[in-house]
Amino acid sequence: MKILFALFLCIDAIILLMLGHEAFVVKSNKRRMYRRRFSALLGLTVAAIVLSFYRFNLALWLAGAPAIGVSLFALLFFIAMITHKGPWH
């Protein structure tokens, strides 16, 4: 379970790096949205780390929800790209 928790935290860290880049480096109109998502995910990750000392099951769920969601989205997007036969309209 500790290895799974560490894997979830690594995936969350990758997501945080990407959101941080979009929120603070790239100049765009969506910076406020990315900052809000970055702050929410950072708070969720910190809460999962703190809760891992007291209630490990809840911490595993907190860290795993965004990681599983993004991984599932990437997998489904890959499947859609592979199986699509026509133009993207």
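In this predicted model, helices H2 and H3 pack with their axes 8 Å apart, at an angle of about 155°. Angles over 145 degrees count as roughly antiparallel, and H2 and H3 are therefore roughly antiparallel to each other. H2 passes H3 in a left-handed crossing. On the H2 side, the residues in contact are Leu 41, Leu 44, Ala 47, Ala 48 and Leu 51. They meet Phe 56, Leu 58, Ala 59, Leu 62, Ala 63 and Pro 66 in H3. By class, this contact has eleven nonpolar residues, with no polar and no charged ones.

The next pair is H1 and H2. H1 covers residues 2-24, and H2 covers residues 31-51. The angle between H1 and H2 is about 155°, and their axes lie 9 Å apart. That angle makes H1 roughly antiparallel to H2. The crossing of H1 with H2 is left-handed. Among the H1 residues in this contact are Phe 5, Leu 9, Asp 12, Leu 16 and Glu 22. The H2 residues that H1 meets include Arg 31, Arg 35, Phe 38, Leu 42 and Thr 45. The contact of H1 with H2 has 13 nonpolar, two polar and five charged residues.

The remaining pair to describe is H1 and H3. Helix H3 spans residues 56-83, and H1 packs against H3 at an angle of about 50°, with the axes 8 Å apart. That makes H1 oblique to H3. The crossing of these two helices is left-handed. From H1, the contact includes Lys 2, Leu 4, Phe 8 and Ile 11. From H3, the contact includes Leu 60, Gly 64, Ala 67, Ile 68 and Ser 71. The residues of the contact of H1 with H3 divide into 14 nonpolar, two polar and two charged.

Some residues take part in two of these contacts. Phe 5 of H1 meets H2, and Phe 5 is also listed in the contact with H3. Leu 41 of H2 belongs to the contact with H1 and to the contact with H3. Pro 66 of H3 is in the contact with H1 and in the contact with H2.

H1 gives the most, with four residues. By class, the lining divides into five nonpolar, no polar and two charged residues.

Key: Residues are numbered from 1 along each chain as its sequence is written. This is a predicted model: local features need pLDDT of at least 70, side-chain atom pairs count only at pLDDT 80 or more; totals for chains, interfaces and linings use all residues. Side-chain values use heavy atoms; hydrogens and water are left out. Axes are lines fitted to C-alpha atoms, for helices over the stretch in contact, and angles run from 0 to 180 degrees between N-to-C directions. Angles under 35 degrees count as roughly parallel, over 145 as roughly antiparallel, 65 to 115 as roughly perpendicular and the rest as oblique. A crossing is left-handed if the near helix is turned anticlockwise from the far one by less than a right angle, and right-handed if clockwise. Contact means heavy atoms within 4.5 Å. Ala, Val, Leu, Ile, Met, Phe, Trp, Tyr, Cys and Pro count as nonpolar, Asp, Glu, Lys and Arg as charged, and the others, Gly among them, as polar.
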